[in-house]
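Let us walk through this fold one piece at a time. Keep the model in view as you read.

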Amino acid sequence: MSILTQMKGQKGEQQKRGRAAVVVLGDLGRSPRMQYHALSLARQASLEVDIVAYGGSDPHLAVLEHPSIRIHKMAQWQKVRWGLPKILYPFMLLLKPLIQFLILLWVLCVRIPSPDVFVVQNPPSIPTLLAVKWASWLRNSSFIIDWHNFGYTLLAMSLGRSNPFVRVYRWFEKHYGKTANGALCVTRAMQHELAQNWGIKATVLYDQPPEFFHPASLEEKHKLFCRLFKDLSQPHGVRDCISNGTTGKENPLLSDTLFTTQVGTAIFLKPNRPALVVSSTSW
């Protein structure tokens with residue numbers, strides 16, 4: 001595994017602690033790649049793994065039930081429920097990462113044991129990279145960044161590329177990205193960009209889904225469509241194209257869905273079932 005390869009030679013034998021920390025300044029349940037890193041470090045390297053992340057969606061049971069993996073949830077920044085004067089927006093843009101930085105640094109330096117390596121997801125870059133860099137220095141640990149995307153480009157989508165905050169963000173991301181002991185990325189295109197324009201040598205690590213990802217069985221499909229029956233056959237607002245007259249139809253036994261039908265213990269796909277198109281984000 002590339003993480004294990006990059007860990008070699010970073011620390012002397014006498015300093016090895018048998019621990020790793022995986023840092024996600026986001027919803028862990030929506031970060032499958034970081035969950036895979038934690039599982040690989042625990043299974044293949046036999047390390048004790050501390051995951052530092054926000055709550056939200058539950059991670060996979062394989063992560064929750066692994067005896068060598070511990071999840072440390074951080075308090076999230078609460079969104080302001082009321083409107084703020086526009087003059088305060090720049091202040092809030094600075095206050096939020098400052099508070100996040102202090103919370104994250106405290107968790108990395110106090111709440112969890114000292115690891116051999118910090119593996120951090122980027123983006124977000126601010127304040128994650130600074131906090132992890134400081135923590136790795138204070139705890140004499142290695143620091144590896146897993147580049148999923150460029151944080152400044154995501155910020156530019158909302159503020160515009162010419163915005164001064166975007167330029168500062170890009171400088172910050174590039175500067176602290178170069179201070180890491182190692183780097184991973186998801187594509188060769190990103191590897192090339194990091195090497196040519198950022199001076200960062202990254203290793204491409206393609207996603208390799210673990211064993212719990214597999215084509216759904218017919219029984220699993222049927223159970224899923226039963227759970228979604230109300231949403232699919234009784235849509236809110238304008239009737240959708242797949243309802244086909246089923247709106248309002250009661251189905252208390254849930255043995256018949258738009259896509260499957262159950263007769264006794266046997267489950268069959270309907271020959272006239274509609275097409276199913278799923279749109280999702282990368283998670």
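The buried residues of helix α6 are covered by elements that include β4 (117-122) and α7. Those buried residues of α6 (residues 151-159) are Gly151, Tyr152, Thr153 and Ala156. Buried means under 20% relative accessible area, with a 1.4 Å probe and protein chains only. Gly160 follows α6, and its phi is positive, near 95°.

This is a predicted model: local features need pLDDT of at least 70, side-chain atom pairs count only at pLDDT 80 or more, and totals for chains, interfaces and linings use all residues. Residues are numbered from 1 along each chain as its sequence is written, and side-chain values use heavy atoms, without hydrogens or water. Helices (H or I, at least four residues) and strands (E, at least two) are DSSP runs, numbered from the N terminus.

Now take α7 (residues 164-177). It packs with α5 (residues 128-138) at an angle of about 25°, with their axes 9 Å apart. That makes α5 roughly parallel to α7, a term for angles under 35 degrees. Axes are lines fitted to C-alpha atoms, for helices over the stretch in contact, and angles run from 0 to 180 degrees between N-to-C directions. Leu129, Leu130 and Lys133 in α5 meet Phe172, Glu173, Tyr176 and Gly177 in α7. Contact means heavy atoms within 4.5 Å.

Turn to the sheet. Its 7 strands run in the order β3-β2-β1-β4-β5-β6-β7, open and with parallel pairing. Two strands pair if DSSP finds at least two bridges between them. At the edges sit β3 (69-74) and β7 (203-204), each pairing on one side only. Between β1 (residues 19-27) and β2 (residues 48-54) there are 7 bridges.

Note on methods
Angles under 35 degrees count as roughly parallel, over 145 as roughly antiparallel, 65 to 115 as roughly perpendicular and the rest as oblique. Buried means under 20% relative accessible area, exposed over 50%, partly exposed in between (1.4 Å probe, protein chains only).
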